[in-house]
Amino acid sequence: MNQKVDIRVEIDPTRTEPRVVIQTAETTELVENLIYAIERYVDNEYSQIAAEEGGTLVLLNQWDIFRLHTENRKVVIHTATGRYETRTALQDIEKNLDPDCFVRISRFEIINLNKAAGFDFSVSGTIKVVFEDDTETWVARRYVSAIREILSRDRAKGGEVDE
């Protein structure tokens, strides 16, 4: 989809809250996607994560993040669109992450449960996490019981867990 969107910002000092108006001849997939993106952004109470890609500062939405881990004194953030780095400490980033989505799986790694495609319990004493993009990581033995508990709660709520 390579459609362009004409965006215009009008400053009105009398307004107390922003108003978004989409003018279009008909409702299309693009219009629906715009509405969905705006609603997701506005409803998100958790902040974006600032990171770098090739020297450029980018703001990452939390729901796009697959996992975060430390590597060479930096935090590496993985999304479907790429790999980003930040010098912000993992524990400081963790304070701003949605606790319903993100869980620590080792001293050096946090994953987004909503981006996990499955969990492999076949290796005794640990859990392999497979993400939507087919990348994998492992839960440290120290965190296995906590992850099992979280996944059991999710299963009780109706979520799927592959064992």
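The structure is a predicted model, and the mean pLDDT of the protein chain is 87, with 90% of its residues reaching 70 or more. Among the elements of the chain, strand β7, which comprises residues 109-112, has the highest mean pLDDT, at 97, whereas the lowest mean, 77, belongs to α1. The latter element is a helix that spans residues 29-43.

Four residues lie between the strands in the hairpin of β9 and β10, where D134 takes a positive phi near 70°.

A search of the whole structure returns one aromatic pair, which is formed by F66 and F131 and is tilted, with a distance of 6.1 Å from centre to centre and an angle of 50° between the planes. The two residues come from distant parts of the chain, since F66 belongs to strand β3 (residues 65-71) and F131 to strand β9 (residues 127-131), and they are 65 residues apart. Both partners fall under the 20% limit for burial: F66 counts as buried because its relative accessibility is 3%, and F131 is buried because its relative accessible area is 0%.

Charged side chains provide a further set of contacts. Side chains of opposite charge can pair when their charged atoms come close. Counted by a limit of 4 Å between a side-chain nitrogen of Lys or Arg and a carboxyl oxygen of Asp or Glu, the salt bridges in this model come to nine. One of them joins R83 and E71, whose closest N and O atoms are 2.6 Å apart. Because R83 lies in strand β5 (residues 82-86) and E71 in strand β3, this pair ties together parts that are 12 residues apart in sequence. R83 counts as partly exposed, at 38% relative accessibility, and E71 is also partly exposed, with a relative accessible area of 30%.

Another salt bridge is formed by K74 and E85, with 3.2 Å between the closest N and O atoms. Here K74 lies in strand β4 (residues 74-79) and E85 in strand β5, so the pair ties together parts that are 11 residues apart in sequence. The two residues are again partly exposed, as K74 has a relative accessibility of 25% and E85 a relative accessible area of 27%. E85 forms a salt bridge with R83 as well, the closest N and O atoms in this case being 3.8 Å apart. Through such contacts, E71, K74, R83 and E85 are linked in a network of salt bridges.

The surface of the model includes a nonpolar patch of about 390 Å², made by V20, I22, I35, I38 and V42. Of these residues, I38 is placed in helix α1, the element with the lowest mean pLDDT in the chain, and is partly exposed, with a relative accessible area of 32%. That value lies over the limit of 30% relative accessible area required of residues in a patch.

D100 counts as exposed because its relative accessibility is 67%, a value over the 50% limit for exposure. Although D100 and L113 are 13 residues apart in sequence, their C-alpha atoms are 8.4 Å apart in space.

Notes:
Residues are numbered from 1 along each chain as its sequence is written. This is a predicted model: local features need pLDDT of at least 70, side-chain atom pairs count only at pLDDT 80 or more; totals for chains, interfaces and linings use all residues. Side-chain values use heavy atoms; hydrogens and water are left out. Rings of Phe, Tyr and Trp (its six-membered ring) pair if their centres lie within 6.5 Å; planes under 30 degrees apart count as stacked, over 60 as edge-to-face and the rest as tilted. Buried means under 20% relative accessible area, exposed over 50%, partly exposed in between (1.4 Å probe, protein chains only). Patches are made of residues with over 30% relative accessible area and no salt bridge: like charges are joined within 9 Å, nonpolar side chains (Val, Leu, Ile, Met, Phe, Trp, Tyr) within 5 Å. Accessible areas come from the Shrake-Rupley method with a 1.4 Å probe; for residues, only the protein chains shown count as cover. Two strands pair if DSSP finds at least two bridges between them. pLDDT is the predictor's confidence in each residue, from 0 to 100.
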